[in-house]
Amino acid sequence: MDKDKLFSYHKWAAIACLQHVQNVGEEFYSKEGANSFASIQETTEHVLGVEKLWLLRMSGVTNPTFEHFDVETTAKAIEAYVLLHEEMERFFSSRTDQQWEETLHYRNMRGDKFSTTREEMLFTFVNHASYHRGQVTSLLRQFGKEGIALDYIYFQKENR
């Protein structure tokens, strides 16, 4: 898949997910349930922090530290996503096709060594975020609310 389309989908899904939570009710954003993270807010903070880690790795930082974002409300989380995604877009557009295929070496949060291309890193963090958006839906269902369809085909339908 084209990396620009993949990232465009990712940006759309991240914001659409949080806007859905806003529409369902801000009180559900921090409400605790049973999942990998206790709330949608904690899930959002995790995903943002991980995305920043991947951006740093893509920039050549071999052992980046986890950054915490202010996601106290869905509005603050949306703003954090928009700013981070703008930073990512600037970085991505500055890379040549050859640089996207370049293998970089880094350590994960446990200290394990990895070697992957920037393109593989992009796919990894988009896939990671998709997994956690599914968990947001799971939390909403625990609270008696509906999730939102965020599959790629819905992005395509909305953006054709």
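A residue counts as buried when its relative accessible area is under 20%. Keep that cut-off in mind for this predicted model. Take Y106. Its relative accessible area is 6%, so Y106 is buried.

Y106 has a ring partner. Y106 and F114 form a stacked aromatic pair. Their centres lie 5.8 Å apart, and 15 degrees separate the planes. Planes under 30 degrees apart count as stacked, which is why the pair gets that name. The partner has another setting. F114 has a relative accessible area of 36%, so F114 is partly exposed.

Two values describe such pairs. A pair of aromatic rings is described by the distance of the centres and the angle of the planes. The structure holds 12 aromatic pairs. Now look at Y9 and F155. Their ring centres are 5.9 Å apart and their planes stand at 70 degrees, so this pair is edge-to-face. Y9 has 9% relative accessibility, so Y9 is buried. F155 has 8%, so F155 is buried too.

Some rings join into a group. F7, F91, F92, W100 and F125 form a cluster through ring pairs.

Start with α1 and helix α3, residues 74-93. Their axes come within 10 Å and cross at roughly 175 degrees. Angles over 145 degrees count as roughly antiparallel. The helices α1 and α3 are therefore roughly antiparallel to each other. Which residues of α1 and α3 make the contact? On the α1 side they are F7, H10, K11, A14, I15, L18, Q19, V21 and Q22. On the α3 side they are T74, A75, A77, I78, Y81, V82, H85, M88, E89 and F92. By class, this contact has 12 nonpolar, 5 polar and 2 charged residues. F7 and F92 from the ring cluster are both in this contact.

Next come helix α2, residues 40-58, and helix α5, residues 118-142. Their axes come within 10 Å and cross at roughly 180 degrees. So α2 and α5 are roughly antiparallel to each other. From α2, the residues in contact are I40, T43, H46, V47, V50, E51, W54, R57 and M58. They meet R118, M121, L122, T124, F125, H128, A129, H132, V136, L139 and L140 in α5. By class, the contact of α2 with α5 has 12 nonpolar, 5 polar and 3 charged residues. Within α2, look at W54 and R57. The charged end of R57 sits over the W54 ring, 4.5 Å from its centre.

Finally, turn to the loop between α1 and α2. S39 lies there. Is S39 buried or exposed? At 3% relative accessibility, S39 counts as buried. Leaving aside neighbours within four places in sequence, S39 is in contact with Y29, S30, K31 and L139. L139 is also one of the α5 residues that meet α2.

S36 is in the loop between α1 and α2 as well. Its relative accessible area is 48%, so S36 is partly exposed. Again leaving aside neighbours within four places, S36 is in contact with Y131 and Q135. S36 and G134 are 98 residues apart in sequence, yet 11 Å apart in space, C-alpha to C-alpha.

Technical notes: Residues numbered from 1 in each chain as written. Predicted model: local features only at pLDDT ≥ 70, side-chain atom pairs only at ≥ 80, totals over all residues. Heavy atoms only, no water. Axes fitted to C-alpha atoms, helices over the stretch in contact; angles between N-to-C directions. Helix = DSSP H or I, 4+ residues; strand = E, 2+ residues; numbered from the N terminus. Parallel < 35°, antiparallel > 145°, perpendicular 65-115°, else oblique. Contact = heavy atoms within 4.5 Å. Nonpolar A, V, L, I, M, F, W, Y, C, P; charged D, E, K, R; others polar. Phe/Tyr/Trp six-rings, centres within 6.5 Å; stacked < 30°, edge-to-face > 60°. Buried < 20%, exposed > 50% of the residue type's maximum accessible area, 1.4 Å probe, protein only. Lys NZ or Arg CZ within 6 Å of the ring centre and 35° of its normal.
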